[in-house]
Amino acid sequence: MSTTVNEAIADADARDDAEFVAALDTPALKSRFERDNEFLFLDEFLPSQTTARFQARIPELIDHVHRNYIPRHKKGGSVSRYTLDELAPEIPALYRNPKFIAWLESMTGEKLEVCPESDPHAYALYFYTEPGDHIGWHFDTSYYAGKRYTLLLGVVDESSSKLEFELFKNDDNRETVADARNLRPGAMCFFNGDEVWHRITPLGDGERRISLTFEYVTDAHMSGWQRFVSNMKDSIAYFGFKQVFKRNKR
Ligand SMILES: [Fe+2]
């Protein structure tokens, strides 16, 4: 696929944007990540100019939000990677930035792969814009052959909604550690999706919360059946059948 001028500019921006990782205290953060069973929350992570670039795309992206309601589990909107590729190339540029991925690998201690083109969830924006928007307790289950890591980045947060999480949920020998945080602009949360039990609490009246998710895996292979299950989940709970299945057919 040829690179457009916009993509080239976005790549250059993302290269600059990933410079900030050099200033982080990586050894200290890695020991926190390991201590908390592959979980790290930072209130200040992404440079404000990067967050501002993402925020500047919101007015255009609003028209492309796909809303879902699954009684007692989820209510909210999403924008898939395919729309971000077209309308917010800075986001995929950061997602695949080698320096950025290398820093995440320094946390996990494992080689990370970007998700294949067929995965609409590789990177996506979540829009919580109506009262009661939320997602209930869940793991970010990996349908891939390897582990799945989720990176959440705060983009807009004028809300009382919190990311609530429970660490060591799968470990019978450890007491579960529970906490809740606001994902303010520039904040991040990076974790092993199969280990961290989490939810987003309901949005209040007149509030707005937009966050970005990046998904990385240690082995991007997926069986045909797992791909089907993953696509059904993404169609029903996130992006709609048209985005997921029409794209995959291509
Ligand atoms: Fe999740």
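## Iron site and aromatic pairs

The donor residues of the iron ion follow the sequence spacing H-x1-D-x57-H. The model is predicted, with local features needing pLDDT of at least 70 and side-chain atom pairs counting only at pLDDT 80 or more, while totals for chains, interfaces and linings use all residues. Residues are numbered from 1 along each chain as its sequence is written, and side-chain values use heavy atoms, with hydrogens and water left out.

The protein donors are His 138 (NE2), Asp 140 (OD) and His 198 (NE2), lying 2.2 Å from the iron ion. Donors are N, O and S atoms within 2.8 Å of the metal (3.2 Å for Na, K and Ca); water is not among the atoms, so sites may look incomplete. His 138 and Asp 140 are both buried (under 20% relative accessible area, with exposed over 50% and partly exposed in between; 1.4 Å probe, protein chains only).

The structure holds 16 aromatic pairs. Rings of Phe, Tyr and Trp (its six-membered ring) pair if their centres lie within 6.5 Å; planes under 30 degrees apart count as stacked, over 60 as edge-to-face and the rest as tilted. Two of the pairs are tabulated.

| Pair | Centres | Planes | Class |
|---|---|---|---|
| Phe 33 and Phe 190 | 5.4 Å | 20 degrees | stacked |
| Phe 214 and Tyr 216 | 6.4 Å | 80 degrees | edge-to-face |

Both Phe 33 and Phe 190 are buried. Phe 214 is buried at 0% relative accessibility, and Tyr 216 is buried with a relative accessible area of 0%. Ring pairs link Phe 214 and Tyr 216 into a cluster that includes Phe 20, Phe 45 and Trp 103.
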